Amino acid sequence: MRCKCIILNSILALSSLSILFLFLLLTIHLSPTTIHNPFIPVPSQQTFSLLIGILTRADLHSQRHFLRLVYGAQRTPPNVKIHVKFVFCRLTKVEQRALIALEILRFDDIIILNCTENMNFGKTYAFFSSLPKILLQQYDYVMKADDDVFIRLEGLSRSLKKLRRDLYYGFVLPCTSYNPYSGYMAGMGFILSWDLVQWISVSDIPAQNQVGPEDKLVGQWLSMGNKGKNRVTEKPGMYDFPGTNGRCSHELIPETVAVHRLKRWDRWLPVLTFFNVTRVRSSKMYYFDK
């Protein structure tokens with residue numbers, strides 16, 4: 001009987017330690033406004049480095065897992081370093097803290113901003129303004145992207161190699177315009193050079209103008225601050241999925257940089273097939289006879 005009590009007490013002690021460990025794990029990894037674990041420094045011989053921040057919501061676990069496969073399967077040119085991170089605001093649910101802690105430990109690709117989840121109330125500003133404070137390395141470029149866009153990393157890399165700093169790059173609106181100095185870049189995905197990200201983090205102009213259509217506001221910030229002198233619209237390489245958005249849409253083309261409005265799985269399939277993202281070498285295919 002005494003032996004059984006000793007075993008029972010040991011089990012209870014181990015259970016208490018396990019609960020304490022989980023509590024400490026969540027406390028350490030889910031503090032607001034942080035990026036978890038250091039990035040690997042980008043070697044100086046690389047042509048450029050790019051951070052792609054995909055703005056999404058904490059509950060969209062399946063979407064993140066799918067996008068990890070999509071971007072993990074792509075190759076980038078030599079001497080180019082691209083990091084893809086998922087960005088959302090503070091966690092508000094117990095289940096979010098548990099599941100996202102696992103994602104952080106496994107993938108190290110999540111940025112949690114010190115904001116309340118929102119649309120057009122400052123999330124984009126929180127993203128750009130936080131980066132110089134929380135990143136352990138700087139990038140040449142930072143991209144803000146939607147979670148329903150497919151970005152061809154190789155095509156984007158080729159496009160950026162030709163460009164300069166003080167850069168504002170994307171798909172200019174309205175759809176029919178080819179003048180990047182008139183209008184603003186669509187929210188599907190636009191890029192700022194690091195000097196502009198640093199400016200956003202310290203300037204009063206964006207800090208005092210956070211509420212409203214956020215992608216449009218970014219264009220206004222740069223114009224008001226006389227920034228972004230090098231502006232590039234990537235047309236026809238960036239566009240909406242065929243047939244979804246009038247003149248912003250066209251057929252899939254080999255020169256594609258990004259395809260937007262992939263909100264349904266039946267739109268992802270033709271995109272992945274067209275660009276041969278799912279190619280698998282025959283040596284990696286296994287067939288089993290019945």
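Okay, let's start with Asp215: at 18% relative accessible area, Asp215 is buried, where buried means under 20%, exposed means over 50%, and partly exposed is in between, with a 1.4 Å probe and protein chains only. Before going on, this is a predicted model, so local features need pLDDT of at least 70 and side-chain atom pairs count only at pLDDT 80 or more, while totals for chains, interfaces and linings use all residues. Residues are numbered from 1 along each chain as its sequence is written, and side-chain values use heavy atoms, leaving out hydrogens and water.

So what does Asp215 meet in a salt bridge? The partner is Lys144, at 2.9 Å, N to O; a salt bridge here is a side-chain nitrogen of Lys or Arg within 4 Å of a carboxyl oxygen of Asp or Glu. Asp215 sits in helix H8 and Lys144 in strand S5, residues 141-145, so this pair links distant parts of the chain, 71 residues apart. Helices (H or I, at least four residues) and strands (E, at least two) are DSSP runs, numbered from the N terminus. Lys144 is buried too, at 5% relative accessibility, and its side chain also meets Asp146 in a salt bridge, 3.6 Å from N to O.

Staying with H8: Glu214, Asp215, Leu217, Val218, Gly219, Trp221 and Leu222 are buried there. After the helix comes Asn226, with a positive phi near 55 degrees.

Now the pockets. On a 1 Å grid over the protein atoms alone, a pocket is an open set of points where a 1.4 Å probe fits, with protein on both sides within 12 Å along at least five of seven lines, and lining residues have an atom within 4 Å of a point. Grid points are joined across faces, edges and corners, and volume is the space filled by probe spheres set on the points.

The largest pocket comes out at about 890 Å³. By type, the lining splits into 13 nonpolar, 8 polar and 14 charged, counting Ala, Val, Leu, Ile, Met, Phe, Trp, Tyr, Cys and Pro as nonpolar, Asp, Glu, Lys and Arg as charged, and the others, Gly among them, as polar.

The second largest pocket holds about 280 Å³. Of its 16 lining residues, Arg68, Tyr71, Gly72, Val84 and Asp109 lie nearest the centre. Helix H2 (61-72), strand S3 (80-88) and helix H3 (94-107) each give two or more residues to that lining. Arg68 and Asp109 turn up again in a network of salt bridges, along with Arg64 and Glu103.

How many salt bridges does a search of the whole structure find? The count is 12. Lys93 is in the loop between S3 and H3 and Asp59 in the loop between S2 and H2, so the pair ties together parts 34 residues apart in sequence. Lys93 is partly exposed at 34% relative accessibility, and so is Asp59, at 39%.

Last stop, strand S2, residues 48-55, which contains Gly53. Gly53 is buried, with a relative accessible area of 0%.
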